[in-house]
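Please look at the model on the screen while I describe one residue and then the chain around it.

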Amino acid sequence: MRVNDFSIVVATANGTGSQTANLTLLRSFFKMGIPVHGKNIFPSNIQGLPTWYHIRVNKDGYIARKPSELLVAFNPATLHEDVATLPSGGVVVHNLDLHLKPERADLTYYPVPVKQLLAGVEVKGKIKEYIANMTYVGVVAHLLGVPLDVIEEALEHHFGKRRKLVDSNLEVVRLAHAWAVENLVKTDEFKVEPMNATAGLIMMTGNEAGALGAVFGGASVSGWYPITPSTSFIDALREYLGKLRHDVDGRPTYVVIQAEDELAAIGMVVGAGWAGARAVTATSGPGLSLMAEFLGLAYYAEVPAVVWDIQRVGPSTGLPTRTSQGDVAFAYYLGHGDTKQVLLFPSSIEECFEFGYRAHDLADALQTPVLVLSDLDLGMNNWMGEPFVYPDAPLNRGKVLSAEEVAALPDFGRYKDVDGDGVPYRTLPGNENPRAAWFGRGTGHDENARYSERADHWVQNMDRLARKFETARAMVPTAVSDERPGAELGIIAYGTTRYAIEEARDLLAANGVVTDFMRVRALPIGAEVRDFVARHERLVVIEMNRDAQLTAILRDELPEHAAKLKPIAYLDGMPLTAAWVAERLAAHLGE
Amino acid sequence: MERPTPAVKLNRAGLSKNDYVGSPSTLCKGCGHNSVASQLIQIAYELDLRPQEIIKLSGIGCSSKSPAYFLGQSHGFNSLHGRMPSLGTGALVANHAVRAIGISGDGDTGSIGLGQFKHMLRRNVRMVYIVENNGVYGLTKGQFSATSDEGAKLKYAGTNPFPGIDICMEALVAGAGFVARTFAGDAKQVREVIKAGLSYRGTAVIDIISPCVAFNDEPDSRHSYAYGREHEQALQEVGFIPAQEEIYIDDYDPGTTQVVELHDGSRMTLRKLEADFDQADRLAGMARLERANAAGELLTGIVYYDDRRPNFAELSELGETPLSMLPDAKLRPSADQLQAFLAGYA
Ligand SMILES: Cc1ncc(C[n+]2csc(CCOP(=O)(O)OP(=O)(O)O)c2C)c(N)n1
Ligand code: SF4
């Protein structure tokens, strides 16, 4: 028996309501205490095109994508292709009405008479179609051994107080389950058993976690424009602000504005940041390109702003519902002239939450935009995580001078490097001191924010901005590393590739190949990244884009080590698998 | 022996007129934009405005540079081409206690910024939005703008084959509640209209014909001084009386004086010069503009006034304290709230 160690894929068509069924399965495993993660692989359309939901169940906690061994085949369009991808020993649970011929002798087939099962159910029309998906939940529950009361708990989680929906869905699950008990003889080896590896954990999407982080970072203004996969970030933000941010008199202490486009969305964020409110927007590649001019201005005028870029595959609309790490280079240099932006790379829901509030502290402390580069995989899928830790420090509002503080100064120069760290002092509109005012602009300016085209003023200012970026190095989240004695290779990566990489390292270690791993969590890089690179003779940088964007940035920042940094970059819209990573690492070591 | 220093006249904010000036203008001598800036200085002084309660915002263009030239003690931001409305929206959501003076150009508003302009009007953000309209791109040296008249001639650009966009018409179509046009050469009217705009609850659109002496001041250009002086057609005489009482606008007879109730309690007297003109009638405003345009007239005055629509801050139900001034305790929910919240995700 293969207990608590397998992957399932559910193949359905977009718009058939399978998401509830899939999340019910996912959450049931989670509630049984088994480490689990689900990935929704969906098309960029509303109805009809194929979608797959991959669930990885693994007692040892590996949750990277892995080719599936169990297939729930409910989509006629991809039926044969889906069956063909299964490994020997795999399982097919299929809708009988699709008339699938069990052609492969190395698979176990379980036909489910969906139409017949639903015949007695008292719901009509669209709901019936949705609820049909619950039949495979019932059958899979029986085959794998998921208790029905756990399924009920999962449904309760999903539907909350809407008891009617819980009951109608549960009814179908029970029907299908009873039918399976009666009619299916289990001949496969996959099974779940309760364990205790998820106790105390939460499950959330990265976008929800990031939005919650923003709320705990004091975000008060958001201008945004819909784009997958970032929209659910703002949906969550609005929901959470609605629950958590009201004044004693019940008035909201926030405003979320659906802008007319990304040009306006970022304008609102920069305007609010200039006026002193913490502001956030979320977008994806195409939106980020429209934000470029404003973010360049914000860099130069030194206005805090937080942008979540939930990356998808570009260029242009690219593969709008597939994941990538393709915006790194663009985001890092966003703006015209010499601009460099601060980037954060979360890899888990815990980091989405933490970076969610820290991004605002950093933006205020550095008076600059901070871009959080998440991705579709992290943003839109449900992940397990430790309950979030409440921020351990008060909000850092940075160098904002009050009217009294301005009064106490001999003079106030908006762009003066008083402390030698490149970060000047600012005042907010409404400051009562007549000397507090300054004029923000994109044109050349002197230390007092006065228009200047003088060469020395320009150079001074740009040098200070470069100095400020050096200050940022020590303020951004540090890279984390895991180093093992006898390692032959150092691996550098960022974001969600970590799961496949961590698993691949263990696979290699089992074969006697030891590796070190450093996960970069921000740009600009800190000293720890330089040291890690310096310490290793052989190094690879793994990333999900074609042109090895972080590799190029690291080579640029560490020219003395440039030749050592070898990219392993790949992009097909799908999250990495451990097998692929292990194979590439082994190949690299063999070179 | 000490000579007595001449007394500097202070307003009720305790400031002299000099306290309202900005940095020296870098615009051409005689540019209409400079006269608007000097009227704004005069207005702020006359209205006893505290510079701290004003923010100045602009897009890009010669016109958009001008916020640097008035109210030097006010915060300001010269933002991006056509995108001051979004910046202003964000700033005024962050701090709705300040009042905004936005300066844009016809190129800035009528072309790249047309979308943001219209959306700001839909939101009714509280801002005096001035378009310094010279029918030409000044800063990029003399191209036609979206408001250039059909058939207009420019030295380098040739003859304009396309009909111009009428800023006031666009504002009316977008649902603006305060739409006015005036002429930079008519200092008094500029002042009174802007004063009225400052009292308005939402976005007050003021299209100021502001001649570009460098690129568009041929006497036959509708955007020139000479043309303006000759062809200006005032809709009404506008007088401004700062006061506390609120008064209503009603339909009133031609030739008589009407006092308009303004949002902040100050009053505006209108003298209606045309028998059939009604500032509360949007369609009449459009028709009158259309007729004036057809006749080649420069129609000035307040074309439309209606302050019933709440502004964006009001619609957002914001409390008294601006978001930018909320104490940290109000910005970050408590640890208990976090815990309770996360329980829903276990
Ligand atoms: C995105 C962008 N495109 C183009 C420009 C170049 N540009 C600067 S000012 C201007 C036109 C300004 O015309 P207008 O708003 O009428 O102002 P004026 O200079 O006439 O007062 C243009 C096109 C720019 N700054 N930014
Ligand atoms: S070019 Fe025209 S618009 Fe620009 S400053 Fe000169 S006169 Fe004014």
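I begin with A:Asp506, which touches A:Tyr62 and A:Arg484 when residues up to four places away in sequence are not counted; contact here means heavy atoms within 4.5 Å.

Before going further, a word on the source: this is a predicted model, in which local features need pLDDT of at least 70, side-chain atom pairs count only at pLDDT 80 or more, and totals for chains, interfaces and linings use all residues. Residues are numbered from 1 along each chain as its sequence is written, chains are lettered from A and ligands numbered from 1 in the order in which they are written, and side-chain values use heavy atoms, with hydrogens and water left out.

A:Asp506 lies in helix H17, residues 498-510 of chain A. Helices (H or I, at least four residues) and strands (E, at least two) are DSSP runs, numbered from the N terminus.

Buried means under 20% relative accessible area, exposed over 50%, and partly exposed in between, with a 1.4 Å probe and protein chains only.

The C-alpha atom of A:Asp506 is 9.4 Å from that of A:Ala578, although 72 residues separate the two along the chain.

I now turn to the whole chain. Chain A contains 20 helices and 24 strands. Of its 591 residues, 62% count as buried. Among contacts in chain A with a separation of 6 or more, 76% come from residues 24 or more positions apart. Along its principal axes, the C-alpha trace of chain A spans about 85 × 65 × 40 Å.
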